[in-house]
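Me: I have a chain on screen and want to know what stands behind the terms used for it. Please go through them with me.

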Amino acid sequence: MSTKQKRFFLAEEEIPTQWYNIQADMPNKPLPPLHPATHEPMKAEDLYPIFAKELCHQELNVTDRWIDIPEEVRDMYKYYRSTPLVRAYGLEKALDTPAHIYFKNESVSPVGSHKLNSALAQAYYCKQEGVTNVTTETGAGQWGCALSYAAKVFGLEAAVYQVKISYNQKPYRRSIMQTYGAQVTPSPSMSTRAGKDVITRDPNNQGSLGTAISEAVELAMTTPNCKYVLGSVLNHVALHQTIIGLEAEKQMEKAGEYPDIVIGCFGGGSNFAGISFPFLRHNILDGKHTRFVAAEPASCPKLTRGVFQYDFGDLSGLTPLLPMYTLGHDFMPANIHAGGLRYHGAGMIISQLLKDNLMEAVDLYQSETFEAGLLFSKVEGIIPAPESCHAIAAAIREAKACKESGEEKVILFNLSGHGLIDMSAYDMYLAGSLQDYDIPQEQIDANTSKLDKII
Ligand SMILES: *Cc1c(COP(=O)(O)O)cnc(C)c1O
């Protein structure tokens, strides 16, 4: 038995007290979000009807490198942070690789994923400005669970639209949200105009994040004292998630190593941003050469096969136009089990970073990701979320490449969540009934060619 240290923690006083705003350091800033009707750049005030004011300012802040974490949020972080940084000796051994593999374990949060890092911040800022109700969408249910709990912590009512396929495939996430006291509605629903439109066109529609966002935004805009909150994609969400990478940076130092490759799975980009941006700042400012790899599903490949263009964040075109890699806002992804990765676009910061070659992306079939998740479960003991399996699979590819070349690289990936409420997906994988989906190029072209050529 090795007696080497396996987990690296921070003392309470070492937990970062500020988030890192990469916008301040980007060589090319993200293009501005545009008003959907006038195509004028949006100012923070233009976003006030939808989001809490402080979040609107964080969204457009391209000057302040460090943003203080409010004390009330830091206090809540202390219930589960720092999260462990773990050296994956079991995985290294199973792969017989010279690579050193580390993972940051965000699955230890009370709700089982990284999403709580931003949910707590957003609920806090809403409460601060006197908001009483928050509404949002959720895919796999992870964000809905995080928001439901954060809303309860800060005394807000939460209404969650859950993508219908997940509502049915993952009934326990619905129960969790309801246990925290949230009101949960499957989307598309008949409770909003946006939902009715979809159901009228397609009665069997199983929903998508784009539709659910439309419903939640519509509810926020038509309900007094209600704000919309989003669990990914936006700059302020990426900002809050940098607590992951900032902690990891200090923990890697304790381990006496610095990552050559940083990997995160990719839905809208928040956990990838969280693990990457603090290290990426050393590439930008200090000449480091770490590689940053976003792992997305082959069935929803916005980074590897999407176009860089202004597009809506939702299906109905209620959000501002965002400059991003996108498959088109009406792209309907296949019903893969990594529900949190079924989103048509990527965050604005990520999109600019990818365009500027400061990061990379790979796409993976779900069979490869579950194979990776199964191996990881057996050798590390933690059953990963289907989303996180994408990061593990990408890390395994890199570790195998190290074996080929004999290089002793340091690989760090983010374990964004556990999969204990996703066992039906594992069941299907074990039964051999999971399907891989190929998207014909014509389908992507047909969707993206409908976008206004603003860029
Ligand atoms: C939501 C979710 C994701 C994907 O969202 P990002 O914003 O891209 O991080 C990944 N993993 C887990 C466990 C999630 O809940």
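Me: What makes α12 count as bent, and where is the bend?
Reply: The model is predicted, so local features need pLDDT of at least 70, side-chain atom pairs count only at pLDDT 80 or more, and totals for chains, interfaces and linings use all residues. Residues are numbered from 1 along each chain as its sequence is written, and side-chain values use heavy atoms, with hydrogens and water left out. A bend at a residue is the angle between axes fitted to the seven residues ending there and the seven starting there. At F277 of α12 that angle is about 45 degrees. A proline, P278, follows within four residues.

Me: How do you know that the span of α12 agrees with its 17 residues?
Reply: The expected span is 1.5 Å times one less than the number of residues. For residues 270–286 that gives 24 Å, and the end C-alpha atoms are 24 Å apart, so the two agree.

Me: Why is α12 called mostly covered?
Reply: Buried means under 20% relative accessible area, exposed over 50%, and partly exposed in between (1.4 Å probe, protein chains only). In α12, 14 of the 17 residues are buried. Across the protein chain, buried residues make up 61% of the 455.

Me: How do you know whether the radius of gyration of the protein chain agrees with a compact globule?
Reply: The radius is taken over C-alpha atoms, and the globule rule is 2.2 Å times the number of residues to the power 0.38. For 455 residues the rule gives a value near 23 Å; the chain has 20 Å, which agrees. Its C-alpha trace spans about 60 × 50 × 45 Å along the principal axes.

Technical notes
Helices (H or I, at least four residues) and strands (E, at least two) are DSSP runs, numbered from the N terminus.
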